[in-house]
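Hello,

Here is the structure I promised to pass on to you. Have a look at it first, and then read my notes below.

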Amino acid sequence: MIKFKERVIVTTILIIICISLSVLFLLLFLKSEQKDIWGVWWWDNRLGSEYLEFASQENISEIYYYTDSFTSKTNEFIGLANAKNIKVYWLAGKHEWIDDFALLKPLIDDFVSYQSNFSNKFAGIHFDIEPHQHSDFDTKRLDILSKYINLIKNIRQNYPNIWIEYDIPFWLEDEITVDDITQSAYKFTIDYSDGVTVMSYRDCCQQIYDLALDEIDYALTKGKKINVGVETGENSDSMVTFAEEGRDYMYQELRKLKQKLPKNVGIVIHHIYSWYHLKH
């Protein structure tokens with residue numbers, strides 16, 4: 001009788017352990033599922049804590065945070081974001097850098113110094129350098145794009161150990177030659193970076209997907225990180241933004257988009273302020 005009771009107790013304990021392990025594995029699985037990349041551009045570093053709370057509630061995993069100086073305020077923001085399981089990347093970008101790397105180098109050096117001297121560190125750099133904003137782009141398109149790719153190459157050679165990614169327009173398909181290699185400009189950008197976000201700004205799932213498909217295919221063959229970006233800010237061309245349709249419609253389209261994208265391709269929203277204020 002005692003042995004029977006002992007067996008019952010042991011069996012009960014084993015059942016409890018199995019159930020506990022099952023629950024633990026389920027929680028770990030759900031946690032891993034939440035690590036899908038949902039990013040957001042954060043251009044205004046004066047925004048209040050409600051925006052960070054909103055980002056957390058919306059399951060954002062990455063913030064691209066603009067600042068032109070690295071201070072204790074930067075350290076504090078990264079700490080608050082990290083506490084919500086959100087990575088923070090330094091966001092910066094000026095087309096003037098295309099003509100002169102010397103304008104950019106001191107800023108990256110300041111970034112390196114910050115990383116060495118503060119406890120809460122950036123996960124990397126997220127550059128938004130848009131060659132089409134250059135004043136000579138319309139008349140010297142290929143020349144500007146060649147300079148742009150050489151800038152990216154120069155950054156990689158000077159800072160090989162920093163995680164660096166870029167925003168790129170979906171049309172960056174011009175064939176250019178660098179170091180006797182001729183290929184599309186977007187391929188060079190992916191080659192010389194750790195990842196890219198394609199600014200595939202449209203207001204429906206299929207168009208967003210179609211605009212980014214070539215870049216997705218190439219990045220995945222190279223083992224590089226890739227995201228697709230959508231717009232929520234006001235624009236004179238309503239087809240490039242969800243500002244007109246509103247938040248609920250955007251979520252509907254992004255859910256469909258997530259189903260179409262390869263599992264390791266993320267979705268990034270431009271930008272935190274306009275998304276926060278987007279109508280339902």
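What pLDDT does the chain average, and what share of the residues score at least 70? In this predicted model, the chain averages a pLDDT of 92, and 88% of the residues score at least 70. Among the elements of the chain, strand β4 (residues 124–127) has the highest mean pLDDT, 99, while helix α1 (residues 2–33) has the lowest, 50. Over residues 21–34 the pLDDT is below 50, and beyond near neighbours in sequence this stretch has one contact in the model.

Now to the aromatic rings. The count comes to 24 aromatic pairs. One of them joins F70 and F111 edge-to-face, with 6.2 Å from centre to centre and 70 degrees between the planes. This pair links distant parts of the chain: F70 lies in the loop between β2 (62–66) and α3 (72–83), and F111, 41 residues apart from it, is in helix α4 (residues 101–117). F70 counts as buried because its relative accessibility is 17%, under the 20% cut-off. F111 is buried as well, at 2%.

Y114 and F118 make a stacked pair, because their ring centres are 4.6 Å apart and their planes lie at 20 degrees. Y114 is buried, with a relative accessible area of 2%, whereas F118 is partly exposed at 24%.

Both pairs belong to a cluster in which ring pairs link F70, W90, W97, F111, Y114, F118, F122, F127 and Y166.

One more ring to look at is that of Y209: the charged end of K260 sits over this ring, 4.8 Å from its centre.

Enjoy exploring!

Key: Residues are numbered from 1 along each chain as its sequence is written. This is a predicted model: local features need pLDDT of at least 70, side-chain atom pairs count only at pLDDT 80 or more; totals for chains, interfaces and linings use all residues. Side-chain values use heavy atoms; hydrogens and water are left out. pLDDT is the predictor's confidence in each residue, from 0 to 100. Helices (H or I, at least four residues) and strands (E, at least two) are DSSP runs, numbered from the N terminus. Contact means heavy atoms within 4.5 Å. Rings of Phe, Tyr and Trp (its six-membered ring) pair if their centres lie within 6.5 Å; planes under 30 degrees apart count as stacked, over 60 as edge-to-face and the rest as tilted. Buried means under 20% relative accessible area, exposed over 50%, partly exposed in between (1.4 Å probe, protein chains only). A charge sits over a ring if NZ of Lys or CZ of Arg is within 6 Å of the ring centre and within 35 degrees of the ring normal.
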